Amino acid sequence: MSEATQPIPYEALYEAHGHKCPMSTLGARLGDYGSRLLGLAAGEMAGRYEIPTCARDGIAMTTGCRADDGSLEVEDLQHHRLWLWPKSGGQGVCVALSERAIAESRGYRLLDEKAKEAMLSHLRLLPDEELMEASRVPAR
Ligand SMILES: [Zn+2]
């Protein structure tokens, strides 16, 4: 894992995304973790995401993979699961949100502003291993 990782620019993400929400936050975490596991910078990967949620904007920010240029395929399999492969070829990673992450991001819209901020802060700070499950996958 790279030590020289940059902090995720959440304020820029929320600005670009148009609102603050759990799934854009978690998409950024998925992409950030997957990139670090591959040791690649944004723009050096192509990927697939298996549920069409707000997570796509977070994934785009941390991996450079976007649906509009074909570097992110989006399917609707109802899995919060991101697959990333180096554009140069070779083994990839699959990073999925844990049951805990999904459970702890429920009910956001029903919260008041203070509780919303607390939830997002919690999702930004939970350790990678508690938020996500990662595995190596073969080259595509
Ligand atoms: Zn959103």
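Tutor: This is a predicted model. Let us begin with a pair of helices: the axes of α1 and α3 come within 10 Å and cross at roughly 130°.

Student: Which residues make the contact?

Tutor: From α1 they are Leu-13, Ala-16 and His-17, and from α3 they are Asp-57, Gly-58 and Met-61. By class, three residues of this contact are nonpolar, two are polar and one is charged.

Student: What about α1 and α2, at what angle do they cross?

Tutor: Helix α1, residues 10-17, crosses α2 at roughly 125°, and the two axes come within 11 Å. The helices α1 and α2 are therefore oblique to each other. Here α1 passes α2 in a right-handed crossing.

Student: And which residues meet there?

Tutor: Tyr-10, Leu-13, Tyr-14 and His-17 of α1 meet Ser-24, Thr-25 and Ala-28 of α2. The contact of α1 with α2 holds four nonpolar and three polar residues, and no charged ones.

Student: Changing topic: how many residues are in the largest nonpolar core?

Tutor: That core has 31 residues. Among those with the most contacts inside it are Leu-26, Leu-30, Ile-59, Val-95 and Met-132. Elements giving two or more residues to the core include α2 (22-38), β1 (45-49), α3 (55-63) and β4 (92-97).

Student: Which element gives the most to it?

Tutor: Helix α2 does, with seven residues.

Student: You named Met-132. What does Met-132 touch?

Tutor: Leaving aside residues up to four places away in sequence, Met-132 touches Arg-29, Leu-30, Tyr-33, Val-95, Ala-96, Leu-97, Ser-98 and Ala-101.

Student: Now the loops. Where does Gly-43 lie, and is Gly-43 buried or exposed?

Tutor: Gly-43 lies in the loop between α2 and β1. It has 10 C-beta neighbours inside 10 Å, so Gly-43 counts as exposed. From Gly-43 to Val-95 the distance is 18 Å, C-alpha to C-alpha, and the two are 52 residues apart in sequence.

Terms used: Residues are numbered from 1 along each chain as its sequence is written. This is a predicted model: local features need pLDDT of at least 70, side-chain atom pairs count only at pLDDT 80 or more; totals for chains, interfaces and linings use all residues. A nonpolar core is a set of buried Ala, Val, Leu, Ile, Met, Phe, Trp, Tyr and Cys residues joined through C-beta atoms within 7 Å. A residue is buried if 20 or more other C-beta atoms lie within 10 Å of its own, exposed if 12 or fewer, and partly exposed in between; C-beta atoms are placed from the backbone. Helices (H or I, at least four residues) and strands (E, at least two) are DSSP runs, numbered from the N terminus. Two residues are in contact if their C-beta atoms, placed from the backbone, lie within 7 Å. Axes are lines fitted to C-alpha atoms, for helices over the stretch in contact, and angles run from 0 to 180 degrees between N-to-C directions. Angles under 35 degrees count as roughly parallel, over 145 as roughly antiparallel, 65 to 115 as roughly perpendicular and the rest as oblique. A crossing is left-handed if the near helix is turned anticlockwise from the far one by less than a right angle, and right-handed if clockwise. Ala, Val, Leu, Ile, Met, Phe, Trp, Tyr, Cys and Pro count as nonpolar, Asp, Glu, Lys and Arg as charged, and the others, Gly among them, as polar.
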